[in-house]
Amino acid sequence: MGVKGLQQFVDSTCPAVGIWVNLKKMAEQYKCSRAGRSPVVVVDAMSCLRYWYTPEAWVHGGQWREYLESLKSFVNAFSVAGIGLVFFFDGVIEQKKRDEWIQRRRRNNKEILKIFQYMKANACQPGKNMFFIPSGLATFTRFALKSLGLNTICSLQEADYEIASYARANEAMAILGQDTDYLIYDTVPYILISKLSLRSLATVMYSRENLCRSLSLQMVDLPLLACLLGNDTVPEYIVGRLKTQCLSAYSLSGPDTMQKTEMIAAVARYISSVDHSPSGLREVDRNLQHHSDESLLEKGVESYILPGQSSPWLPRNKISPVTHQCEMPIYPNHRILQYAKEKHTKAESSMVYRVLSNGEVECSNTLEDELDADLPGQAIIYRSARQSIYGILLAGDAQSGLCRAVKEWFVYPGNLLQQPDLVPALPPELPGGIPDLETLWLSEGSSVEELRYQAFLACFGLQDFIQEFNHLELPTSAPFCCLLIYITLQVSTFCLEDLNAYLAQVVCIRGKSADHLAQIQEVLVPEFQKLKCLINTVCARNNRTLQSKPRPLMAGHSSEKGLDRLVEVPITFPSVDTPPTTQGIKYDIHNLAGPTQLKQVEVTDQIQDLSPGDHSVHPGLLVSKVTSRDGVRQIVEEDSTRSE
């Protein structure tokens, strides 16, 4: 979030704070001043997603390979200049910032609702003025960067704190991001991603020294300034009255003037008049609108003090908050917990360590229409799979009675996030029972590999089909087919056209470059039928059949508006009994979605049903009752297939 009003202040009132720099020259100066060290820029990846994401079809997720090329170009520009990059991603939501996280999610829901209302009214995607980060982009970006062999780190606490600490400890050349908190930390130079020219590697660097000079403050005063203006730790409504008093006392334009630029200058003058000591800070704290025995400002100032630093505003025995979110982990096996922590830090998993350490996870907003009653939210669709994953992770822990459920802060239609959902951990049925994590993670051998694969399939209820899946290609067809079968069984409204859309997506663009995809004319896909046969087998065994039914084109894909480019792709379905037939599938090849996002597809000719005969529709997972206990919602679920 950064500091309230500070960005506008430095841009409009203090132009001396922002200095244009050339990163190539900056790198040369760095090399000269630090013999033997190579310049490194620490990148706040979450701040850079909007800069990296260039495809126009942001509602659908854009073309994956196009996005990957964008990341490659970004990395290459720095590499040519001899600048290394380290990428940081948010890894946790600290409890002290949970309320602010919830408020942001609610605001995002309102933005997303406006996006769908616009599409319904105009039959096209909104422009960049309503841009919202495509679903899953942060996760895809993390693994994309790792696939490029780059140093990618997932934080164990507040990401900007870890970034500032890492950069200072490793003497990085700069921090690249878009968060005014980096202007407050006493760390390496802070440069802006929004001003970056990739061709020239020129951008704006914010000078803390110039900011202090313009406000007549010392560097050690910046953390208190950030708190009194409002940030993640100290909400703006708590400091509102004090800011008004400062403006009234110090503003040259009179007490009624509420300009943010004068507000910041007035707060700075107030800080200069206060005794720079812990008692002075407590005096300021008493003027705030909050009722707590704890010093809110002390916690706020402390959050900006990096390891090895001190502050005159804090008691001498108060050291920097080098603590992680979980000091009393719920999982008893320290070796396994340490392994999960290392995988988390290396950005190789996103939720496992949080489940094992404190049994609490979250999922932010996705682009979902909350008014669409036919399609459940993705958090609900994948809950059954998550329960199986929790069951495997916590199998040993559940036997000791310490944890049988996980607290989920997941955003989905109808969830007001007033409290977490308490989701039961349900171990799947596996021959020989659930293997312990030491076997799954730390053992080697072909038998262990098969056990891992079987456990993976069990999370999606497909453990009985391991032999069939062994014939599919890894890592492409098998995971995709597994995911598609799961969706087919969970979503009762999933139809034949949806299935064809997914299949066309995975088999038509595999192995093609971004440039090739922009010009592709025809793809013959013999593997299409093989994948459909496996899906047919599993669905038939689960009494699920897909119906082909007329479905209107999604908003943004009408014949008159919002259609960039349609190409005809013949799909060949070889069969032993009948000669190959070709069906035409129209879709927007240029704007194909990411690997797990559905792209609108219009099937021009009906394809034969997957399952012969008349089968009842699998109703999927039903939430039958929600109860409340100890401030946490208890989810009681029924799966109609388990009663058979």
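Contact here means heavy atoms within 4.5 Å.

**View 1. The whole protein, as a predicted model.** Let's start with the overall picture. The fold of this predicted model has 26 helices and 15 strands. Of the 644 residues in the protein, 52% are buried. Looking at contacts between residues at least 6 apart in sequence, 68% join residues at least 24 apart.

**View 2. Helix 4 packed with helix 6.** Here we zoom in on a pair of helices. Helix 4 spans residues 64–80 and helix 6 spans residues 137–147; their axes lie 11 Å apart, at an angle of about 60 degrees. That angle makes helix 4 oblique to helix 6. The crossing of the two helices is right-handed.

**View 3. Side by side: the residues where helix 4 meets helix 6.** From helix 4 come W64, Y67, L68 and L71, and they meet L137, F140, T141, A144 and L145 of helix 6. By type, this contact is made of 8 nonpolar residues and 1 polar residue, with no charged ones.

**View 4. The largest nonpolar core.** This core holds 64 residues, and L356, L462, F469 and I485 touch the most other members. Helix 23 (residues 477–490) supplies the largest share, 10 residues. A second, separate core has 61 residues, among them V3, V284, W313 and L314.

**View 5. The surroundings of L356.** Which residues is L356 in contact with, leaving aside neighbours within four places in sequence? L356 is in contact with P329, I330, Y331, I336, L337 and A340, and also with L393, L394, L437 and W441.

How values were computed:
Residues numbered from 1 in each chain as written. Predicted model: local features only at pLDDT ≥ 70, side-chain atom pairs only at ≥ 80, totals over all residues. Heavy atoms only, no water. Axes fitted to C-alpha atoms, helices over the stretch in contact; angles between N-to-C directions. Helix = DSSP H or I, 4+ residues; strand = E, 2+ residues; numbered from the N terminus. Parallel < 35°, antiparallel > 145°, perpendicular 65-115°, else oblique. Left-handed = near helix turned anticlockwise from the far one by under 90°. Nonpolar A, V, L, I, M, F, W, Y, C, P; charged D, E, K, R; others polar. Core = buried A, V, L, I, M, F, W, Y, C linked by side-chain atoms within 4.5 Å. Buried < 20%, exposed > 50% of the residue type's maximum accessible area, 1.4 Å probe, protein only.
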